[in-house]
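Dear colleague,

I am passing on the structure we spoke about, and below the model you will find notes on what came out of it. Please read them with the coordinates open.

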Amino acid sequence: MSGPTWLRSTRPPLFGDLHNWALIQADALAFLQVIPNDSVDAVITDPPYGIAFKGESWDGDLLADADGFQAFSTTWAREVRRVLRPGGYLASFGATKTTHRLVAGVEDAGLEIRDQLLWLYSTGVPKGRRMPGGVSSALRPAYEPILLARKPLPRGRTLTRHVEETGLGALDIDGTSANPPDRSWPTNVLLAHEERCAEACGPRCTVRLIDEIAKSERRGARPVSRLFYSTKATPTEREAGCEALPKITSEIFSSKTGGRARANVHPTVKPLDLCRWITRLVAPPGGSLVLDPFTGSGSIGCAAVLEGRQFIGIERDHRYVPIARARLTHWTRQAARSSEPR
Ligand SMILES: C[S@@+](CC[C@H](N)C(=O)[O-])C[C@H]1O[C@@H](n2cnc3c(N)ncnc32)[C@H](O)[C@@H]1O
């Protein structure tokens, strides 16, 4: 891992093998300042959304104000710009209601806005309630935006030369093709099956619905299931590695778990296959270093180690650090097992 000296000399609690991964319990705004300039190949993160999500304090307070949220986004993104190597990418999840402020904040920090990906799913729960007369204040969410931005290339440097010399600056199109044999060009729309689609797609599955519409509209149309797809994180995936942690019954999940207790109580766990796809897209293969300043339960880090990248995560909340630590340990072992010769 690059910069082991600065990493080992940090004061906040530090976990991990410091080879594949490191997890720091700290405030990201403070800890990012310790990371040297131009030392990280990609930042993949899922920062607070500024919507007071499920009443979580990390997403409320000053961040629930639009200007405060944008200023916060600019502050962390400035540090991200400094620590990224030139041509390195930032991929950041956002929320539909505040993504415009996230994008503006990241742009104000001096990163180039490259794209806005859409992750579509069909399992969202309406955020409003149905009132008399069949009206409500909100639609049912069916997508999340993912911002793609890049640290500018050195002045006067062409992309071709920069990629040749550093491996950074471009997206891995072949590595993220949904159909590797025919190397179909990946799109900026990602689809999620429903959890139960493992055997056969359910009637409301986005992939099935869009495929059916495409088929009925144009004979011979290419099915959209050729796009990359990813289910929401399943209970099994969320819990893997957390078996020794205490299980808690949380109101947040009672509708999904039928009141069953779980160890991974983070409310916004991202699916590993989606995080792995983003990792392959923006972090060059061969041990590049991925940073997530808002690690939560560690999904992005688990994806990074599964893809053979090195990972540094920062998480402030003491409730989530043990969960991220347990999951990172679990998936690092799995990655080592699957790379053993048979
Ligand atoms: C949206 S969640 C990330 C969830 C994660 N992607 C997962 O799959 O579990 C954002 C996380 O950022 C953390 N956070 C918020 N502000 C922070 C700060 N200033 N420093 C470090 N962590 C922070 C919160 O505690 C929360 O766990």
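The shell around the ligand divides into nine nonpolar, five polar and six charged residues, where Ala, Val, Leu, Ile, Met, Phe, Trp, Tyr, Cys and Pro count as nonpolar, Asp, Glu, Lys and Arg as charged, and the others, Gly among them, as polar. Of these 20 residues, Asp46, Phe294, Gly296, Ser297 and Ser299 come nearest to the ligand, a residue being near if its C-beta atom, placed from the backbone, lies within 6 Å. Helix 2 (28-31), helix 10 (299-306) and strand 9 each give two or more residues to that shell.

Please keep in mind that this is a predicted model, in which local features need pLDDT of at least 70 and side-chain atom pairs count only at pLDDT 80 or more, whereas totals for chains, interfaces and linings use all residues. Residues are numbered from 1 along each chain as its sequence is written.

The chain has 11 helices and nine strands, taken as DSSP runs (H or I, at least four residues, for helices; E, at least two, for strands) and numbered from the N terminus.

Strand 8 (residues 289-292) in turn pairs with strand 9 (residues 310-315) in the parallel sense over four bridges, among them the one between leucine 291 and isoleucine 312.

As for burial (20 or more other C-beta atoms within 10 Å of a residue's own, C-beta atoms being placed from the backbone), buried residues make up 42% of the 342 residues in the chain, and six of the six residues of strand 3 are buried. Helix 3 (residues 66-83) has 18 residues, and its buried residues include Phe69, Phe72, Trp76, Glu79 and Arg81.

Best regards

Key
Pairing = 2+ DSSP bridges. Buried ≥ 20, exposed ≤ 12 C-beta atoms within 10 Å, placed from the backbone. Expected span 1.5 Å × (residues − 1).
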